[in-house]
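Thank you all for coming. I would like to take a few minutes to walk through one structure with you, so please have a look at it as we go.

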Amino acid sequence: MKQLQFDSTNAICGLTFIGLGGFFIYQCLDLDLGTAFRMGPGYFPLILAAILTLLGVVVLVQATRVQGEPMGPLALRGMLFILPAPVFFGLTVRGLGFVPSLFFAALIAAFASSRMKPFLAVLLAGAITLFSVLVFSYALGLPFERFGPWTRL
Amino acid sequence: MDLVSNLALGFSTALSPENLAFCLIGVLLGTLIGVLPGIGATATIAMLLPITFKLEPVSSLIMLAGIYYGAQYGGSTTAILINMPGESSSAVTAIDGYQMARKGRAGAALSIAALGSFFAGTVSTFLVAIFAIPLTAIALEFGAAEYFSLMVVGLVSSIALAHGSIVKALAMVALGLLLGLVGTDIYTGTPRFTLGIREYADGLNFVAVAVGVFGIAEILRNLEGEKTRSLLMAKVSGLWPTKDDFRRMMGPVLRGTAIGSALGILPGGGAILAAFASYTVEKRVSDNPREFGQGAVAGVAGPESANNAGAQTSFIPLLTLGIPANPVMALMVGAMIIQGIVPGPNVATEQPTLFWGIIASMWIGNLMLVVLNLPLIGLWVKLLTVPYYVLFPIIMAFCSIGVYSVNSNVYDLYAVALFGLGGYLLVKLRCEPAPLLLGFVLGPLLEENLRRAMILSRGDPSTFITRPISAFLLALALAVLIIVFLPSVKKKREEVFQEED
């Protein structure tokens, strides 16, 4: 008996497409479809979502036929430190203000590499902040508050 | 003659001290970014958009254009010196350029690349100037059906140029189009796919999506296996090519320019394809094809000219039709809209100084690249020694500032993180991000024109094939699609992309 073989990357990829397509189809159900003459807000997205789902099925079927390379390691440490940096900046830029918010965002991002030493990270974050404040805030005059309400006690 | 007076207007705009300065800054920044691996032109332009907000529209677009071809240029420098293309379009240059460098001819290779690029840039700038006006006239005849069909051509050709599975590339286009539709429906005002978040009612911010999918995903990929880069040489000597080199680069440069100019116009991003096509052609017409891969002059001169010509002519669809040919052009559309200019056929007539100023600045920018970069190569080489773990916190900080400054919307920053994660996972699943981004940009336009065309035809879909221009474009799209699915082409295509890796 032949065992069913899966190319795991393509299987995950197909399932992802099906999932995303399904999500958009589900969302379209609340929208007015309209007619081909006067298309409602849901008409075109529904077609697209259906195509996406269908392509997901095709990729999934292909996964059982062709063997590909494995996915390889994920940059877990990278994801853990890189992705929160803009989120932190977004959460605090209004409250803390541009200067402290950017400093900490850069500091968080700096730790994504295992080679970064704490002292160098602080120094680097400081340099980035100084440069950005001079260029973006003073020279280009972007309307950021340099120190926000949270820093005033 | 019209062309002469138009070009004169363009040069008088581009040669103002201010615009010259911004062109210079753009070109230098672009080269800098192109030299530094790990961040491409798309993410750079997205990052630097805020710098241009305060500038005049002409100056800001001149600077952005400078970043774009500066990055192409810088990419070939690293391709030759360390066998690491800073930009995907210079991947081909690395094959023979690096071999030349290993034989101690790095200086000659760099000069050949520079001179070839400059020649191609000059010719294709003239092509843009010559074809812009007639194409604009055609574009004014375009109705909703034609625009729809043209965008379909663009999306289909972006699939043809994507790596790997065609089915996946198609799915990426569909996903991109769907993401582009997030926001308020223009006809009825119904919010779509916003998950009830009011801040996304205007749609997802294009800059946030571009930075996430291209910039952050790329950083994450680089963090997977941190390697130290080895530098071939610290000193580059003997810059000037020999007489023999000149003789041998003539043909490839001419052919490369022709190939690049033709492919660059195709919506879907022709510069990369042009470089590959040129390399293949040179290998075929060469008297001794075995030289290729061992440091052939033609293998550097041809592809470099082709990718520069392609980079230049990809402005044609943007300037005449307002349709971006690649992600970088999509960012230019974004920049134009921020400056209050609606890209499309009307730009040439309503904003002649802007239109011709950009065209003239392309040539000036190319000249600057040749004059400045050959002496500055030592500096670029030094930059390559900056370790990556110092670079990416800087990139992250600038990305955050750049994205936030577009609309001062903190939800855009959350979108960056989300799309960074999504983009990284899609890359891991072997999906190309470029078709997704093109779909994202064209999504709203495509839907709007589809709906308008259907209303105009009273619900009769045959309007797309009874109108001749539309029918021609759709036939073209179908032909491209059939060709990429043909077994022989499919195999060839896989080989080409294999070579790049």
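This is a predicted model: local features need pLDDT of at least 70, side-chain atom pairs count only at pLDDT 80 or more; totals for chains, interfaces and linings use all residues.

As for where N83(B) sits, its place is in the loop between α4 and α5 (91-102) of chain B. The C-alpha atoms of N83(B) and Q99(B) are separated by 8.7 Å, although these two residues are 16 residues apart along the chain. Is N83(B) buried, exposed or in between? With 17 other C-beta atoms within 10 Å, N83(B) counts as partly exposed, because being buried would take 20 or more such atoms and being exposed 12 or fewer.

Let me stay with chain B and turn to its helix α1. This helix covers residues 2-14, and its 13 residues, taken at 1.5 Å a residue, should span 18 Å, which agrees with the 18 Å that lie between its end C-alpha atoms. Within α1(B), the residues G10(B), T13(B) and A14(B) are buried, and because they cover an arc of only 90 degrees around the axis, they are on the same side of α1(B). The elements that cover these buried residues include α2 (17-35), α4 (57-82) and α16 (352-383) of chain B. On the face of α1(B) turned away from the buried side we find the exposed residues V4(B), S5(B) and A8(B).

Next comes the contact between the two chains, to which chain A gives 58 residues and chain B gives 54 residues. On the side of chain A that touches chain B, the elements giving two or more residues are α1 (8-28), α2 (43-63), α3 (76-82), α4 (84-92), α5 (98-110) and α6 (118-139) of chain A. Which of them gives the largest share? That is α2(A), with ten residues. Sorted by kind, the residues on this side of chain A are 44 nonpolar, eleven polar and three charged.

Finally, a word on chain A itself. Its domain assignment gives domain 1 (8-63) and domain 2 (76-151), and the C-alpha centres of these two domains of chain A lie 38 Å apart. An unreviewed UniProt entry lists residues 12-29, 41-61, 73-89, 95-112 and 119-140 of chain A under "transmembrane region". Among these, residues 12-29 of chain A are 94% helix and 0% strand, with end C-alpha atoms 26 Å apart, while residues 73-89 of chain A are 76% helix and 0% strand, with end C-alpha atoms 28 Å apart.

Terms used: Residues are numbered from 1 along each chain as its sequence is written. Chains are lettered from A and ligands numbered from 1 in the order in which they are written. UniProt positions are given in the numbering used here, feature names are shortened, and annotations may be inferred rather than shown by experiment. Helices (H or I, at least four residues) and strands (E, at least two) are DSSP runs, numbered from the N terminus. Domain bounds come from an automatic or database domain assignment. Two residues are in contact if their C-beta atoms, placed from the backbone, lie within 7 Å. Ala, Val, Leu, Ile, Met, Phe, Trp, Tyr, Cys and Pro count as nonpolar, Asp, Glu, Lys and Arg as charged, and the others, Gly among them, as polar. The expected span of a helix is 1.5 Å times one less than its number of residues. The arc is that of the directions from the helix axis to the C-beta atoms.
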